[in-house]
Amino acid sequence: MNDETKPEHYKKQTFEAWEMMLQIWGRPAFIYHCEMSAFKYRMRAGHKKGQSATLDISKAIWFENKALEIKNEK
């Protein structure tokens, strides 16, 4: 994610939220979370007041890529 999709409040912890979620809930649950989040961002792209469709699509792509990355890890 770039600075637009990863604001300062995501940088406050030692680990990123997604890394902690992966450790707490495991790979299958985290992959589902990513896939559902990507779906949500694509569905609302261009419809959230004050937020560009481009930003939502970039978030969706990040979640899709993260799901693929975790799926493909050995």
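## Aromatic pairs

By the ring rule, this predicted model has four aromatic pairs. Rings of Phe, Tyr and Trp (its six-membered ring) pair if their centres lie within 6.5 Å; planes under 30 degrees apart count as stacked, over 60 as edge-to-face and the rest as tilted. Take Trp18 and Phe30: their ring centres are 6.0 Å apart and their planes stand at 35 degrees, so this pair is tilted. Tyr41 and Phe63 make a stacked pair, with 5.9 Å from centre to centre and 15 degrees between the planes. This second pair links distant parts of the chain, as Tyr41 belongs to helix H1 and Phe63 to helix H2, 22 residues apart. Helices here are DSSP runs (H or I, at least four residues), numbered from the N terminus.

Where do charges come in? Lys66 lies over the face of Trp18, 3.8 Å from the ring centre. "Over" means that NZ of Lys or CZ of Arg is within 6 Å of the ring centre and within 35 degrees of the ring normal.

## Buried or exposed?

Phe30 is buried, with a relative accessible area of 2%, and Tyr41 is buried at 11%. Buried means under 20% relative accessible area, exposed over 50%, partly exposed in between (1.4 Å probe, protein chains only).

## How the values were made

Residues are numbered from 1 along each chain as its sequence is written, and side-chain values use heavy atoms, leaving out hydrogens and water. Local features need pLDDT of at least 70 and side-chain atom pairs count only at pLDDT 80 or more, while totals for chains, interfaces and linings use all residues.

Methods: Helix = DSSP H or I, 4+ residues; strand = E, 2+ residues; numbered from the N terminus.
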